Every structure is written in C-alpha cells, then in structure tokens.
Amino acid sequence: MSWDVAIERARSSIMPKTYDALARYGYLQDLRREVRKAKEEVVKNLDFYIEELRKSVERIGGRFYLAGDGREAADAAAKIVGRGKVVVMGKNNVANETGLHRRLEEEGNEVWETDLGAFLVQLSGEEGSHIIAPAIHLTRERAAEFLKEKLGIEAPPDPVAIAQRVREFLREKFMKADVGITGANALAADTGAVVLVENEANIRITSAFPPVHIVYDGVEKIVPTLIHALYVANVQAAYAGLYPPTYINVSAGPSSTADIEMHRVSPAQGPKEYHVVLVDNGRRAAARDPALWEALLCIRCGRCHLHCPVYRALGRDFGKPPYTGPMGVMWTAVTRGVEEAGPHALKCVHAGNCKEVCPMEIDIPQIIQEVKRRYLKAHQPS
Ligand code: SF4
C-alpha cells in the first residue's frame, strides 16, 4: 500500500467535512477574521504579550519558562520531569521540533504518545507527515503490522479495532503517569490559560490526570484573551474538518477546591503543578522579518496540505518534519532557517491553493517565493 492510497483516503474523509462545517455554521467566518486580527496584534507586540502571559501564569499558581532554542526548551521540561518517570504526551509539533521525546527518554523516563496517530508514528520509529494527522502516510494495514511487531498486539487492519487495542494499552499508562505534557492551540495572555481542542479525549486525560501538567509550545501560540483562545480552538477544529470538536479543554493553573469554608486549597483531583514552557527558536526573529512574520499566524489546521499538489505527490519530503506541506516550508524557514527550507521551497509549483483555503489568509506562496529568492541569492555563483 502506498502513500497515494493513504493520502487519498484521508482527503476524501476530511475535505467534505470542512466544507460542510463552513456551509452550516456561518459564524466561523467571523471567528476566523477575529483570530487573524488577534494573532496579528500579538505578533507585532510579541515581547509584550510574552511578559503578560508570564505574569498571568504566575498569578494563577503556575511556573513560566521562556527558552531561546529547542535544546533549552527540552532541558527545561526534562528538569521538571526528572528521572525514571512515566510521561504521557498529547500530540505536539513543538515537542518534535525540539526533540523532547528523545531528551526525556535519555533521562530514563518511559514516554508515551497518546494521540492515536502520534502513537503509531512512535511505534513505527518514523517521522510524522502532517501537523494534525502525523500518521496520515500509514495505511490501516501498516498500522496493524506495527502494533503486532512492536507490542505483540494482534489487531485486524480495521481502524475501529486498532483504536480499541491502543485505548486498552494506553489506559494503564495514563493510570501510572507522573507527568502529562500537552501542546497548546492557544495561550491566553490575560489569564494564563491554555486552550486545547481535540476529539480523542487523550489531551483531556493527559492534562487532568497526572499530578504534573506541562504545557510545551511556541511563543506564537499566545493570543490576547481567553475568548480569543476559544475562537482559535473553534476555527482550528472547523478547518481541520472536525467541527464541532468533541472536546475543548481549558486549563488555568493547578487543580483546586474551595468546598471547605470557601477556603481554596490545591491540589484537588487534577494536577498539583502547572508549568508553561514556551520556546522561541526563531519565532521572535521571524516576527520582525518583513516576509516570515505572517507564518506566525498559522493555527495548524492542516488544510493547506490537503489542497497542495506537491504535498500530495511528495508527502513528508515537502518540508522538514514535523513541518511539512506548504505551512511546513514556511515553518522550516522560521525554525531552521532559509538554508534548510530553501531546497523545499524550490519544489513549490505555486499552484496557490494553499492561500485560497487558509483560514488565516496567509500569503503562503509569497512567503515561499521569498524563501526561494533568499536561498538562490545565497547560492549564486560568485
Ligand atoms: S498555513 Fe493556513 S491552511 Fe496551512 S495549516 Fe496554517 S492556518 Fe491552516
């Protein structure tokens, strides 16, 4: 079974759902415009909003860390986690960007991806190929093979059966987990809250069950208010073809209760620690860049991938995992520089579909064109 089969199965499943949601829920268009405005405001004043978020996280009893690069971010998270722990993780592109999973394992921790697609990619030992559907390249047949090969779990090549077997396996890991690490769809500067949207409930369990919750993501996920963060969650879900989302999670600090004499104590049933680790890794420089700044508006819906003829032909070879497809070329430039993004930009045929379908109206072809121009200029024969 090839990439072509896997991607066409995914396209025919997701694309009609996106169009249906957009036709049915007209307000989504207003929300996406609000999100673009809010994210532009933050990108133009990034240092101010990072500081606002820091103050808010500390006010609600959390701890805030700002890491300059991927290594610093992974070190900060590894220090919080410690050694010999069981760690459950929600799907997280920044964890992949910064090598967090491997870094935690080096410290003797048992680390499990809990999103089904990310879990299958972990078993396969390969890299993910799509920001919201990392196992999009795996057919059901390959997924069943990996379960058998890596964990000795028998399952027929049927998505329902595979999901059920993984659910049974991960239940035990959730029960034992010392630390849950999630990403963020958005972080609200006014309240220090993180908003996460999902359908599997693995993020809900990861963020609420273990005694420690670490939010690990990039500084561009900050939005001014909690209301904006909820808008992001709704727009992201709709453009990812998953609207209404089954769950929208809000976490704002350690769990607590005030049920005895209205005296607030912490923890209650959920985490006793709430940490927010944010990484720069090229983002603040991109925010000041006349072309790359717009890439920071991306809400990771993954829609541009499915409409891109080059991604459909090349899969994860277009861009550098975890950032593949049209958004991936921009994001490879943000996080790894033009030298690494350039060869991928050269593969772009400028069909323009990505710009047309992007909810943030990012001029992706223009940014890719600029990456090409800078790369070719640096490689001109003297
Ligand atoms: S660039 Fe636009 S379409 Fe592509 S993932 Fe980001 S928000 Fe979605």
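A residue is near a molecule or strand if one of its heavy atoms lies within 4 Å of it. The model treated here is predicted: local features need pLDDT of at least 70, side-chain atom pairs count only at pLDDT 80 or more, and totals for chains, interfaces and linings use all residues. Residues are numbered from 1 along each chain as its sequence is written, and side-chain values use heavy atoms, with hydrogens and water left out.

**Exercise 1. The ligand shell**

Task: List the residues that surround the ligand, and divide the shell into nonpolar, polar and charged residues.

Solution. 
- Step 1. The ligand is surrounded by Ile131, Cys298, Ile299, Arg300, Cys301, Gly302, Cys304, Met327, Cys358, Pro359 and Ile364.
- Step 2. The classes are as follows: Ala, Val, Leu, Ile, Met, Phe, Trp, Tyr, Cys and Pro count as nonpolar, Asp, Glu, Lys and Arg as charged, and the others, Gly among them, as polar.
- Step 3. On this scheme the shell holds nine nonpolar residues, one polar and one charged.

**Exercise 2. Overall dimensions**

Task: Determine how the radius of gyration of the protein stands against that of a compact globule, and state what percentage of its residues count as buried.

Solution. 
- Step 1. The radius of gyration is taken over C-alpha atoms, and the globule rule is 2.2 Å times the number of residues to the power 0.38.
- Step 2. For 382 residues a compact globule would have a value near 21 Å; the protein has 20 Å, which agrees.
- Step 3. The C-alpha atoms fill a box of roughly 70 × 50 × 50 Å along the principal axes.
- Step 4. Buried means under 20% relative accessible area, exposed over 50%, and partly exposed in between (1.4 Å probe, protein chains only). Of the 382 residues, 57% count as buried.

**Exercise 3. The parallel sheet**

Task: Give the strand order of the six-stranded sheet and describe how helix H4 lies on the strands.

Solution. 
- Step 1. Helices (H or I, at least four residues) and strands (E, at least two) are DSSP runs, numbered from the N terminus. The protein has 18 helices and twelve strands.
- Step 2. Two strands pair if DSSP finds at least two bridges between them. Six strands form an open sheet with parallel pairing, in the order E1-E10-E7-E4-E2-E3.
- Step 3. Its edge strands, each pairing on one side only, are E1 (63-67) and E3 (110-113). The twist averages 20° from one strand to the next.
- Step 4. E1 runs parallel to E10 (residues 273-279), joined by five bridges; Phe64 has Val276 in E10 as its bridge partner.
- Step 5. Axes are lines fitted to C-alpha atoms, for helices over the stretch in contact (heavy atoms within 4.5 Å). Angles run from 0 to 180 degrees between N-to-C directions. Helix H4 (residues 70-81) lies across E1, E2 (86-89), E4 (179-182), E7 (212-218) and E10, running at about 175° to E7.

**Exercise 4. Backbone exceptions**

Task: Identify the peptide bond that joins Tyr243 and Pro244, and decide whether Glu261 is buried or exposed.

Solution. 
- Step 1. Most residues other than glycine have a negative phi, and most peptide bonds are trans.
- Step 2. Tyr243 and Pro244 are joined by a cis peptide bond, with omega about 0°. Another cis bond, with omega about 5°, joins Ser266 and Pro267.
- Step 3. Glu261, although not a glycine, has a positive phi of about 55°; this residue lies in the loop between E9 and E10.
- Step 4. Glu261 counts as exposed because its relative accessibility is 76%.
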